[in-house]
Amino acid sequence: MINLKKVKNPMPEQDPVVRAGNFEEVACGYTPQMAINEAMRCLRCRKKPCTKGCPVMVRIPEFVAKIAEGEFEEAYQIISETSALPRICGRVCPQENQCEGLCVQGVNGEPVSIGRLERFVADWHAEHAEESEGTEKACDGEGKKVAVVGAGPAGLTCAGDLAAKGYDVTVYESLHKPGGVLAYGIPEFRLPKDIVAAEVSKLEKKGVRFINNAVIGRSETVDELFDDGYEAVFVGTGAGLPSFMNIPGENLLGVCSANEYLTRINLMKGYLPEYDTPVQKAKRIAVVGGGNVAMDAARCAKRMGAEKVYIVYRRSMDEIPARKEEIHHAVEEGIDFQLLKNPVAIIGDEDGYVTGLECVEMELGEPDASGRRRPVAKEGSNFVLDVDCVIMAIGTKLNRLILETTDNLEANERGGIGTDEGAATNREGVFAGGDAVTGAATVIMAMGAGKTAAASIDEYLDK
């Protein structure tokens, strides 16, 4: 007999064979009774290590206790005091490395499914609670104008917190829709885009204004925003420049970055037949990389009709950085993991189209600076995967546009925008956070940075 105190209540999901052919959400969500049963597994720890593992310090034991009592709206109110995007965080946060990773229940069993419970509560609220048309503003901000550059998780969080304090907030977004990586990077089957749109709508009801198709650094500079009457500027532009391996054949037709591939599918609705968005239609695809973006690209490729999809990763499954849940789903959907393999060249035909990916087998040596064992190529182990498309998902680079167009703005050692612990840059009135500072990280880390910046901006303007 299974001891339910030691094992998570499973999440209902679409059948793998069925879902591999559609873009509908994979996880179906807990029922109320499932949520109550899972919440009852919480030990109500006095020291609350799970809360300490949350970048935005959600009071986890408190909201879980309310779920156990069947008080779902009260649970939502507790979460929303510190988290601006609970429907999103419940779906895409790496809980296993954060709150659930510190759950005491996980010492002798499986941790409490904090992410699934957060998602349940936020979805329940969206379906049952009556949203007011606007939120009464506090008087702190007194209508002072703040510009937020970038409508990703950092910018949305910063804008929401500032609007709640009474500031007049305008968000400038370079793409044609707000959301940042939530809109262009994460597939519909993991994060439905109507959820992102609903979160943006909630901010608009709080008075936040969005200006799309505005590339700050091109249409106007950060310095010019101050000329427009803004008293503070938050930069949350992310880290969206794709990286490549610089191996032979990367300029062949059929090679693209995961950023481009996912943007065409997610933001530009390339998976819907009524949209005339050009997307690579290949039969045999290799996705290079082992992070969540690689999993997203591979699973999208399967749904777009590819007959065979490979994940090519130079380390083993023990070192792969993607979320365990995403790896599990990819395996269920038939993605072929080519582990301890590394590309050395992309092969093409006389017309310039991809025909194969030459790889070399790897073995793990001594640990590198990251603490993971360094992959070392096996001499003479080269082989070729028969593919007609290669998608590079090996990370992203920081976009230096803001740094290059803002007078005297200093960079940090990573090449991002330099800030102190409170998100303030060396330029008075300019703050920054999220991937634009740290390089590519998680949604919840970006949200935490946006929250920190909002508090610092409030303190700065209240002087």
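# Reading cavities, a pocket and salt bridges

Me: Which element gives the largest share of the lining of the largest cavity, and how many residues is that?

Reply: The largest share comes from α7, with 3 residues. Keep in mind that the structure is a predicted model.

Me: How is such a cavity found, and how many are there of 30 Å³ or more?

Reply: In general, a probe the size of a water molecule is rolled over the atoms, which shows where empty space is left. Here, a search of the whole structure gives 3 cavities of 30 Å³ or more. The largest cavity has a volume of about 140 Å³. Its lining has 17 residues, with Cys-54, Val-58, Gln-95, Cys-99 and Glu-118 nearest the centre. Two or more lining residues come from each of α4 (60-68) and α7. By class, the lining has 11 nonpolar, 5 polar and 1 charged residues.

Me: What volume does the second largest cavity have, and which residues are closest to its centre?

Reply: The second largest cavity holds about 120 Å³ of space. It is lined by 14 residues, and those closest to the centre are Cys-42, Leu-43, Cys-45, Cys-50 and Cys-103. Elements giving two or more residues to this lining are α3 (49-52) and α4, and α4 gives the most, with 3 residues. The lining splits into 12 nonpolar, 1 polar and 1 charged. Leu-43 also has a place on the surface: together with Val-104 and Val-107 it forms a nonpolar patch of about 260 Å² of accessible area.

Me: Is Val-107 buried or exposed?

Reply: The cut-off for exposed is over 50% relative accessible area. Val-107 has 63%, so it counts as exposed. It sits in the loop between α6 (86-92) and α7 (114-128). For contrast, take Val-387 in the loop between β13 (383-385) and β14 (389-392). Its relative accessibility is 2%, so it counts as buried.

Me: How is the second largest pocket lined?

Reply: The second largest pocket has about 710 Å³ of space and 29 lining residues, with Lys-8, Glu-96, Arg-116, Arg-323 and Glu-325 nearest its centre. Its lining takes at least two residues from each of α6, α7 and α14 (324-332), and the largest share, 5 residues, is from α14. The classes are 8 nonpolar, 6 polar and 15 charged.

Me: Where does the salt bridge of Arg-303 and Glu-333 lie in the chain, and are its residues buried or exposed?

Reply: The side chains of Arg-303 and Glu-333 come to 2.8 Å, N to O. Arg-303 is in helix α13 (residues 292-303) and Glu-333 is in the loop between α14 and β9 (336-339), 30 residues apart. Both residues are buried. Salt bridges that share partners place both in one network, whose members include Glu-96, Arg-323 and Glu-325. Those three are also among the residues nearest the centre of the second largest pocket.

Conventions
Residues numbered from 1 in each chain as written. Predicted model: local features only at pLDDT ≥ 70, side-chain atom pairs only at ≥ 80, totals over all residues. Heavy atoms only, no water. Patch = residues over 30% accessible without salt bridge, like charges linked within 9 Å, V, L, I, M, F, W, Y side chains within 5 Å. Areas by Shrake-Rupley, 256 points an atom, 1.4 Å probe, with all protein chains shown as cover. Salt bridge = Lys/Arg side-chain N within 4 Å of Asp/Glu carboxyl O. Helix = DSSP H or I, 4+ residues; strand = E, 2+ residues; numbered from the N terminus. Buried < 20%, exposed > 50% of the residue type's maximum accessible area, 1.4 Å probe, protein only. 1 Å grid on protein atoms, 1.4 Å probe; cavity = no way out; pocket = protein on both sides within 12 Å on 5 of 7 lines; lining within 4 Å. Points joined across faces, edges and corners; volume = space filled by probe spheres on them. Nonpolar A, V, L, I, M, F, W, Y, C, P; charged D, E, K, R; others polar.
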